[in-house]
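This report describes the pockets of a protein model and the surroundings of its ligand. Please keep the sequence and the structure in view while reading.

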Amino acid sequence: MSQTRPEFELGKDLVGLEGLSAETITGILDTAEPFKEISERAIKKVPVLRGKTIVNLFYEPSTRTRISFEFAEKRLGADTVNISSSGSSVVKGETLVDTARNLEAMRIDMVVIRHASSGAASFLADRIPSNVINGGDGQHEHPTQALLDMLTIRDRLGRLEGLKICIIGDIVHSRVARSNIFGLRTLGAEVAVCGPRSLIPVGIEELGVSIFNHVEDAIEWADALNVLRLQLERMQTGFIPSLREYNRVFGVTRARLEKAARDTVILHPGPMNRGVEIDSAVADGPQSVILPQVTNGVAVRMAVLYLLAGGKPGGAEAAKQEIT
Ligand code: CP
């Protein structure tokens with residue numbers, strides 16, 4: 001009996017990594033590889049998305065994700081428009097769907113959305129024919145962040161399968177943690193989380209992760225640590241006694257890294273609270289890949305845009321050779 005191999009299958013939208021096959025996630029990471037080189041050119045532009053119109057609809061603040069998407073879109077030759085809630089008719093009470101339908105009426109092709117509500121990206125994707133990419137929705141998922149994290153770990157350590165990755169910090173509020181857990185586990189990594197119990201979701205073990213209560217144990221165990229920001233804006237009261245206390249008990253410090261038997265790779269999705277979840281000596285130190293993460297973000301987003309526009313995995317090298 002012949003066995004069918006699962007294939008690359010992305011669909012119309014990228015709302016999350018949950019449910020994507022290993023072939024699909026690997027296909028996106030592999031597609032990002034040839035796109036890395038475009039950002040190193042003197043003229044950073046290829047016509048892969050020429051004629052496409054993309055709207056970046058950001059209802060929450062963002063530095064890395066919004067600018068990285070905009071660079072990716074422009075370097076692939078798309079026309080882009082940035083919309084923030086404060087500068088749009090959202091402040092007059094317009095709904096998300098009405099905003100999107102009005103954009104559709106202007107014949108757009110893709111929307112990148114960041115929104116404070118979990119589920120906003122799939123809500124939109126179900127209602128408009130344009131491709132929708134989730135740039136982070138509430139506490140649900142942030143798929144392109146996890147993809148760039150995985151690409152960066154793969155760059156540094158040569159593989160993902162069989163690696164031990166620990167996500168440290170504010171897990172309960174983190175869409176980055178959820179997307180990393182889904183993506184890394186699908187690609188065969190072992191995943192753990194570490195933090196105060198008040199910041200770890202009840203039942204997280206059901207996602208196939210283990211829990212460390214002590215940051216020292218997590219550092220000793222992990223090949224890579226993904227250090228998350230304390231999302232103070234999402235905390236009402238009582239999650240941690242104080243920022244100083246958090247740094248004392250859970251901070252990723254140089255002293256703690258020096259005690260470990262090996263050089264764990266350090267990631268942080270940003271923005272960082274220096275001196276809280278991570279010390280500057282670690283963030284700027286030799287084990288840190290925090291800036292390579294940002295660089296890889298552009299290539300990963302190029303890959304996602306190219307694939308959602310109908311590009312084939314493996315076709316990126318040829319596509320980027322086209323003459324502008
Ligand atoms: N990592 C990340 O999502 O950063 P921004 O909030 O700056 O986009």
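## The shell around the ligand

How do the residues of the shell around the ligand divide into nonpolar, polar and charged? The shell has 1 nonpolar, 6 polar and 2 charged residues. In this scheme Ala, Val, Leu, Ile, Met, Phe, Trp, Tyr, Cys and Pro count as nonpolar, Asp, Glu, Lys and Arg as charged, and the others, Gly among them, as polar.

The model is predicted, with local features needing pLDDT of at least 70 and side-chain atom pairs pLDDT 80 or more, while totals for chains, interfaces and linings use all residues. Residues are numbered from 1 along each chain as its sequence is written, and side-chain values use heavy atoms, without hydrogens and water.

## Contacts of the ligand

Around the ligand stand Ser62, Thr63, Arg64, Thr65, Arg114, His142, Gln145, Pro269 and Gly270, where a residue counts if one of its heavy atoms lies within 4 Å. Polar contacts are pairs of N or O atoms within 3.5 Å. An oxygen atom of the ligand lies 2.9 Å from a backbone N or O atom of Arg64. The side chain of His142 has an N or O atom 2.9 Å from an oxygen atom of the ligand. A polar backbone atom of Gly270 is 3.3 Å from a nitrogen atom of the ligand.

On its own the ligand has 250 Å² of accessible area, of which the protein covers 92% (Shrake-Rupley method, 1.4 Å probe).

## The largest pocket

The ligand takes up the space of the largest pocket; for this, more than half of its atoms must lie within 2 Å of the pocket's grid points. A pocket is an open set of points on a 1 Å grid over the protein atoms alone, where a 1.4 Å probe fits and protein lies on both sides within 12 Å along at least five of seven lines; lining residues have an atom within 4 Å of a point.

The largest pocket holds about 430 Å³ of space, a volume being the space filled by probe spheres set on the points. It is lined by 20 residues, and Arg114, Arg175, Arg229, Gly270 and Pro271 are the closest to its centre. Helix 2 (64–75) and helix 6 (175–186) each give two or more residues to this lining; helices are DSSP runs (H or I) of at least four residues, numbered from the N terminus.

## The second largest pocket

About 170 Å³ of space lies in the second largest pocket. Among its 15 lining residues, Arg64, Pro269, Gly270, Ile290 and Val294 are the closest to the centre. Helix 11 gives the most to this lining, with 6 residues.

Definitions and conventions. A polar contact is a pair of N or O atoms within 3.5 Å; within protein, one must be able to donate a hydrogen and the other to accept it, and residues adjacent in sequence count only if both atoms are side-chain atoms.
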